[in-house]
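Here is a friendly walk through one protein model, meant to be read with the structure open beside you.

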Amino acid sequence: MEHYLDNAATTKTCEKAKEAAINVMENIYGNPSSTHEKGRQAKNLLEDCRKTVADALFASSEEIIFTSCGSESDNFAIIMGAELKKRNGNHIISSSVEHDAVRKALDLLETRGYKITRLKPDKSGAVSVSSVLEAITDKTVLISLMTVNNETGAVTDIKKICEEVKDINPDILIHTDAVQGFLKVPLKAKTLGADMISISGHKIHAVKGIGALYVKKGIKIKPLIVGGEQESGKRAGTEALPQIAAFAAACKEDPEIKKMAELKEYLTEELLKKIPEIEYIKTDAPHILNISLIGYRSEVLMNYLETLGVFVSKSSACKQGKRSHVLEAIGLKNEYIDGALRIGISRFNTKDDIDALVNGLSDAKKLAHR
């Protein structure tokens with residue numbers, strides 16, 4: 001039996017999302033830019049989907065730009081946001097625990113003369129409001145911080161950061177990578193205060209290959225991808241309507257946040273009961289728990305769990321097995337990092353999945369001492 005607990009990497013596509021994608025491929029296959037009936041039919045569906053995604057984010061339809069993924073949305077916001085404000089300054093604030101889509105976009109900007117301040121997070125991976133405010137200079141033009149850390153589940157108070165920063169300088173652009181936060185923690189674009197928000201479909205049971213970038217009305221960033229006039233001239237390329245339809249369908253489903261939070265609490269309790277020496281990072285996100293069995297290697301534990309049909313990871317999937325820069329940045333000892341596992345919970349998980357994981361880790365420990 002399969003026990004999939006790597007939902008922070010990607011989620012199983014839900015039935016409604018699959019049905020929506022197939023319907024487009026079979027029936028609404030016209031190009032949304034074509035002016036004939038099939039094109040108009042596709043265009044109408046595209047705009048209906050845009051409204052659905054916008055509603056889920058508490059935004060307006062015209063503030064949503066469809067992209068290929070969260071990484072593209074991050075690159076778009078950071079690179080073109082910096083370009084928009086380059087006459088105002090060249091200083092950008094971020095953190096040392098961001099996703100590689102943010103980190104490497106910042107590395108690129110650094111080669112172009114931008115000065116990057118990478119803030120140190122607290123022991124959970126969250127970034128404090130005070131550290132952001134202390135880092136602001138008269139050259140600061142952009143701040144990019146993730147809402148929920150993808151490896152620890154730490155939640156950064158983006159709303160408070162936006163309020164405080166905008167009081168100091170309303171011209172500073174604020175971007176948040178909300179790929180792990182969207183439909184997992186309270187997130188309303190209209191009240192959050194961020195100028196740009198990145199989200200992704202495959203983290204909420206849509207298909208892979210679709211994301212979106214919220215750009216607050218009035219922010220005139222130029223397109224990252226140029227060519228045609230799709231997405232109101234903001235992102236060239238024929239819209240991936242099957243994926244977009246799946247994204248919208250997934251947005252309509254109940255994310256069951258309470259269920260995920262209860263499973264995370266149950267997991268923590270069972271781990272401490274059966275493996276008292278287990279260490280973990282306490283965070284507020286309902287779906288991510290980072291644990292470590294000191295003295296054991298992550299790869300060995302993962303391989304053993306896989307033989308039992310239990311699937312977890314040791315860090316972001318984008319790291320492809322490399323050491324976690326997040327756990328290093330928050331100052332954890334090497335012994336913790338070497339044995340770290342990231343558990344990602346979704347609404348499809350049950351207590352049986354949690355029990356399989358806990359029993360598997362308990363058995364792995366016993367076998368190692370034979």
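## A β-α-β unit to start from

Strand β5, helix α6 and strand β6 form a right-handed β-α-β unit. Right-handed means that, with the strands pointing away from the viewer, the path from the first strand over the helix to the second runs clockwise. Helices (H or I, at least four residues) and strands (E, at least two) are DSSP runs, numbered from the N terminus.

A word on the background: this is a predicted model, in which local features need pLDDT of at least 70 and side-chain atom pairs count only at pLDDT 80 or more, while totals for chains, interfaces and linings use all residues. Residues are numbered from 1 along each chain as its sequence is written, and side-chain values use heavy atoms, with hydrogens and water left out.

## The sheet

In what order do the strands of the open sheet lie? The 7 strands follow the order β2-β8-β7-β6-β5-β3-β4, with mixed pairing; two strands count as paired if DSSP finds at least two bridges between them. At the edges are β2 (64–67) and β4 (115–119), each of which pairs on one side only. On average, neighbouring strands are turned by 20° against each other, direction ignored. Axes here are lines fitted to C-alpha atoms, for helices over the stretch in contact, and angles run from 0 to 180 degrees between N-to-C directions.

Let's go through some of the pairs. β2 and β8 run antiparallel and are joined by 4 bridges; isoleucine 64 has tyrosine 214 in β8 as its bridge partner. β3 (residues 91–95) and β4 run parallel, with 5 bridges between them, and histidine 91 stands opposite lysine 115 in β4. From β3 the chain crosses through helix α4 (residues 100–111) to β4, and this β-α-β crossover is right-handed. Histidine 91 also stands opposite threonine 140 in β5, where 3 bridges join the parallel strands β3 and β5.

β5 and β6 run parallel with 3 bridges, and serine 144 has histidine 175 in β6 as its bridge partner. Why is β5 described as largely enclosed by the rest of the structure? Because 5 of its 5 residues are buried, where buried means under 20% relative accessible area, exposed over 50%, and partly exposed in between (1.4 Å probe, protein chains only).

In helix α6 (residues 158–168), Ile158, Ile161, Cys162 and Val165 are buried. These residues are on the same side of α6 because they cover an arc of only 100° around the axis, taken from the directions from the helix axis to the C-beta atoms. Among the elements covering the buried residues of α6 are α5 (129–135), β5 (140–144), β6 (173–177) and α7 (189–192).

## The loop between β7 and β8

Histidine 202 lies in the loop between β7 (196–200) and β8 (211–215). With 17% relative accessibility, histidine 202 counts as buried. Its side chain makes a polar contact with the side chain of threonine 10 at 2.7 Å; a polar contact is a pair of N or O atoms within 3.5 Å, and within protein one must be able to donate a hydrogen and the other to accept it, while residues adjacent in sequence count only if both atoms are side-chain atoms.

Isoleucine 204 lies in the loop between β7 and β8 too, and is buried with a relative accessible area of 6%. Leaving aside neighbours within four places in sequence, isoleucine 204 is in contact (heavy atoms within 4.5 Å) with residues including Thr11, Phe182 and Phe247.
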